[in-house]
Amino acid sequence: KEHKSLLSRLRLQLKSDEIKTKGPWTQKETWEKVKTNLTEFKIRKLLGNPTTIKTSLNPRIERVYYYYGDLNADGKDENGYVNFFRERVVSFKTPF
């Protein structure tokens with residue numbers, strides 16, 4: 001059982017390391033620079049390309065950029081998102 005657990009932890013760590021190379025959104029310091037009223041272009045430049053982009057049913061949010069992945073190798077995805085209205089940030093949640 002310990003052997004299986006060790007392999008499982010190693011697999012999670014390798015996956016986490018791979019996700020961390022997917023862009024600057026994986027760094028806490030980058031999310032500290034996110035603020036309301038930034039443009040979609042500036043967010044992509046700052047955080048990199050989002051994992052997923054969706055439109056919103058909320059009339060005050062047109063588009064949502066989702067950033068997610070297992071950043072700390074615990075087997076659970078950390079989630080962050082940025083909400084846009086008229087191509088400007090109106091709200092966001094960091095994955096940290």
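Helices are DSSP runs of H or I with at least four residues, numbered from the N terminus. In this predicted model, helix α1 spans residues 2-20 and includes L10. L10 has a relative accessibility of 47% and therefore counts as partly exposed, since that class lies between the limits of 20% for buried and 50% for exposed. L10 also belongs to a nonpolar surface patch with L7 and L14. Together, these three residues present about 290 Å² of accessible area.

The largest nonpolar core contains 13 residues. Within this core, W31, I43, L47, Y67 and V82 have the most contacts. Two or more residues come from each of α3 (40-47), β2 and β3 (78-85). Helix α3 contributes the most, with three residues. In soluble globular proteins, nonpolar side chains tend to be buried together.

Four aromatic pairs were counted. One of them joins W25 and Y67 in a tilted arrangement. Their ring centres lie 5.9 Å apart, with 40 degrees between the planes. W25 sits in the loop between α1 and α2 (28-31), whereas Y67 belongs to strand β2 (residues 63-69), so this pair ties together parts that are 42 residues apart in sequence. W25 and Y67 are both buried. Ring pairs also bring in W31, giving a cluster of W25, W31 and Y67. Two members of this cluster, W31 and Y67, are listed among the core residues with the most contacts.

A charged side chain meets another ring. K54 lies over the face of Y66, at 5.9 Å from the ring centre.

Notes
Residues numbered from 1 in each chain as written. Predicted model: local features only at pLDDT ≥ 70, side-chain atom pairs only at ≥ 80, totals over all residues. Heavy atoms only, no water. Patch = residues over 30% accessible without salt bridge, like charges linked within 9 Å, V, L, I, M, F, W, Y side chains within 5 Å. Areas by Shrake-Rupley, 256 points an atom, 1.4 Å probe, with all protein chains shown as cover. Salt bridge = Lys/Arg side-chain N within 4 Å of Asp/Glu carboxyl O. Buried < 20%, exposed > 50% of the residue type's maximum accessible area, 1.4 Å probe, protein only. Phe/Tyr/Trp six-rings, centres within 6.5 Å; stacked < 30°, edge-to-face > 60°. Lys NZ or Arg CZ within 6 Å of the ring centre and 35° of its normal. Core = buried A, V, L, I, M, F, W, Y, C linked by side-chain atoms within 4.5 Å.
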